[in-house]
Amino acid sequence: MTFPSRLPDPQPPAGSANLADILERVLDKGVIIAGDIRVNLLDIELLTIKLRLIVVSVDKAKEMGIDWWEHDPALSPGGSHRRGLGAENERLKARIAELEARETT
């Protein structure tokens, strides 16, 4: 019994794109998927779901004016925003205690 001496070529042909190339193109250009789902019963709208999905790189998103992750306290680096909220919370608690003390006198 003889076996072929040649192994398959590990690289795809030059004309085909691999997954990394496709992903790079998608992130560079961006993909937006939008859709609405409506559930009606006898011409009465019971439920509406609006779906919006944007797949882009961070740089492309910033070009588009999208930067919500920079202002989200859960995603901000170091939690500096959280510390600020904690300090503000303490100031508000002190102010409430001061107002309650005035009210009782």
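Let's start with Arg52, which counts as exposed, at 51% relative accessibility. The cut-off for exposed is over 50%, so Arg52 passes it with its 51%. Please keep in mind that we are looking at a predicted model.

Now, which residue does the side chain of Arg52 meet in a salt bridge? The partner is Asp36, and the N to O distance is 3.0 Å. Asp36 counts as partly exposed, at 39% relative accessibility. Have a look at where the two sit: Asp36 is in strand E1, residues 31-41, and Arg52 is in strand E2, residues 44-55, so this pair ties together parts that are 16 residues apart in sequence. And why do such pairs form at all? Side chains of opposite charge can pair when their charged atoms come close.

How many salt bridges does the structure hold? It holds five, so let me show you a couple of others.

Move along to helix H2, residues 58-63, where Glu63 and Lys60 are three residues apart, or about one helical turn. These two form a salt bridge, with 3.7 Å between the closest N and O atoms. Glu63 counts as exposed at 63% relative accessibility, whereas Lys60 is partly exposed at 23%.

Next comes helix H3, residues 80-104, with Arg102 and Glu98 four residues apart, about one turn of the helix. Their closest N and O atoms are 2.9 Å apart, in another salt bridge. Here Arg102 is exposed at 52%, and Glu98 is partly exposed at 35%. Arg95 joins in too: Arg95, Glu98 and Arg102 are linked in a network of salt bridges.

Definitions and conventions:
Residues are numbered from 1 along each chain as its sequence is written. This is a predicted model: local features need pLDDT of at least 70, side-chain atom pairs count only at pLDDT 80 or more; totals for chains, interfaces and linings use all residues. Side-chain values use heavy atoms; hydrogens and water are left out. A salt bridge is a side-chain nitrogen of Lys or Arg within 4 Å of a carboxyl oxygen of Asp or Glu. Buried means under 20% relative accessible area, exposed over 50%, partly exposed in between (1.4 Å probe, protein chains only).
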